[in-house]
Amino acid sequence: MSTVFTGPFTLPDLASSSCSRWAGAVNFDHLRLFRAVQDLVRRGILEFGADTLETAAEEAAGRAQQRFEMRNVLIRKVGGSMLLEAQKKVVKRQALIDRALARDLPARLEELAAKKLEPHIPWYYESVLAKA
């Protein structure tokens, strides 16, 4: 799947298309993928990705992740020919959606948690209290 990404990618980019974020074994799936990626790095198929501007922004937010990159053109072409165009689009789309969720969802969840802490008074009690 890493042949789909032309530049650096992270482990969650790979996991987004094959592992559900809301499944019960998320950590196990990520560990399994991490071990496979480390094996590919050891074999020389993948390399550690170069630092980009996104990495500096992620470090400032405290979400810096290790990036990988496939620079071997032959392996990229052979691996890319084994995937259909529709599969490539799905992998890219899932990675972009996962990045957007990772960026925006925590803030929205914090806002929702703060809203849940406020006591809820049903409207019929408010009307009775207002009359009294």
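## Arg103 and the basis of the model

Arg103 is partly exposed at 49% relative accessibility (buried is under 20% relative accessible area, exposed over 50%, partly exposed in between; 1.4 Å probe, protein chains only). Its side chain meets that of Asp104 in a salt bridge of 3.5 Å, N to O (a side-chain nitrogen of Lys or Arg within 4 Å of a carboxyl oxygen of Asp or Glu). Asp104 is partly exposed, at 39%.

The model is predicted: local features need pLDDT of at least 70, side-chain atom pairs count only at pLDDT 80 or more, and totals for chains, interfaces and linings use all residues. Residues are numbered from 1 along each chain as its sequence is written, and side-chain values use heavy atoms, with hydrogens and water left out.

The structure holds four salt bridges. Asp39 meets Arg42 at 2.7 Å and Arg43 at 3.5 Å, N to O, and these shared partners join Asp39, Arg42 and Arg43 into one network. Arg42 lies three residues from Asp39 in helix α2, and Arg43 four residues from Asp39 (helices, H or I of at least four residues, and strands, E of at least two, are DSSP runs numbered from the N terminus). Arg42 is exposed at 65% and Arg43 at 60%, whereas Asp39 is partly exposed at 24%.

## Aromatic pairs

Two aromatic pairs are present (ring centres within 6.5 Å; planes under 30 degrees apart are stacked, over 60 edge-to-face, the rest tilted). The rings of Phe9 and Phe68 have centres 6.5 Å apart and planes at 45°, so this pair is tilted. Both residues are buried. Ring pairs link Phe9, Phe48 and Phe68 into a cluster.

Terms used
Phe/Tyr/Trp six-rings, centres within 6.5 Å; stacked < 30°, edge-to-face > 60°.
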